[in-house]
Amino acid sequence: MKRTDKETFVDAVRERLDRAPVMYITDFSGLNVKSMTTLRQKLRESGAEYLVGKNRLVKLALQDRDMPDLSEALMGPTGVVFGYEDVVGPAKVLSDFAKENNDRPTFKAGVLENKLLDASQIVALAKLPTKDVLLAQLAGALEAPMAAFASVLEAKTQEMSGLLDAYKAQKEAGE
């Protein structure tokens with residue numbers, strides 16, 4: 001790799017770090033090219049990106065950043081996942097893909113809001129519902145009390161209408 005290519009790679013990693021709220025570091029050993037292509041496609045669909053590069057260059061890109069020390073995770077075959085849209089989505093995709101592919105890739109570490117995550121924390125994140133599902137659950141939780149309130153108001157309106165009809169009938173009968 002030429003020096004200019006290395007500099008371009010480091011700049012690209014830094015640019016991705018600036019855009020991504022979450023980063024997961026994985027060990028992709030044991031995956032063939034076809035599996036890696038499938039994984040990259042699934043991650044792209046979830047709003048993430050999978051990047052494989054030299055550990056030394058990734059470490060260089062992480063220098064001068066307000067991030068925890070990831071040097072222990074950057075050993076051996078390393079793939080870096082940058083999640084742009086959702087924190088849970090990429091972790092869920094990686095976890096589901098690993099279940100289908102002999103537990104590959106494996107999580108090494110992650111960074112969420114400049115906090116270091118270990119593999120067990122990332123697996124716990126993967127078990128959470130996605131952002132869209134959580135928003136739908138919140139909307140459902142808010143909708144139920146409002147629907148009940150509207151139902152009560154409608155019942156009272158009908159009751160009042162019935163009372164007015166009865167009053168009108170009583171007045172007509174009395175005249």
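**View 1. Valine 52 stands opposite glycine 79 of strand 3.** The model is predicted: local features require pLDDT of at least 70, side-chain atom pairs count only at pLDDT 80 or more, and totals for chains, interfaces and linings use all residues. Residues are numbered from 1 along each chain as its sequence is written, and side-chain values use heavy atoms, with hydrogens and water left out. Strand 2 pairs with strand 3 (residues 79–83) in the antiparallel sense over 5 bridges; pairing requires at least two bridges found by DSSP. Strands (E, at least two residues) and helices (H or I, at least four) are DSSP runs numbered from the N terminus.

**View 2. Isoleucine 25 stands opposite valine 80 of strand 3.** Here strand 1 and strand 3 are paired in the antiparallel sense, over 5 bridges.

**View 3. Strand 3 is mostly covered, with 5 of its 5 residues buried.** Buried denotes under 20% relative accessible area, exposed over 50% and partly exposed in between, for a 1.4 Å probe and protein chains only. Gly79, Val81 and Gly83 point one way from the strand, whereas Val80 and Phe82 point the other way. In a regular strand, side chains alternate between the two faces of the sheet.

**View 4. The open sheet comprises 5 strands in the order 2-3-1-4-5, with antiparallel pairing.** Strand 2 (48–52) and strand 5 (115–118) are the edge strands, each pairing on one side only. The twist averages 20° from one strand to the next. Helix 4 (residues 88–100) packs on the sheet and touches strand 1 (22–27), strand 2, strand 3 and strand 4 (106–112), contact being heavy atoms within 4.5 Å. The direction of helix 4 makes about 15° with that of strand 1; axes are lines fitted to C-alpha atoms, for helices over the stretch in contact, and angles run from 0 to 180 degrees between N-to-C directions.
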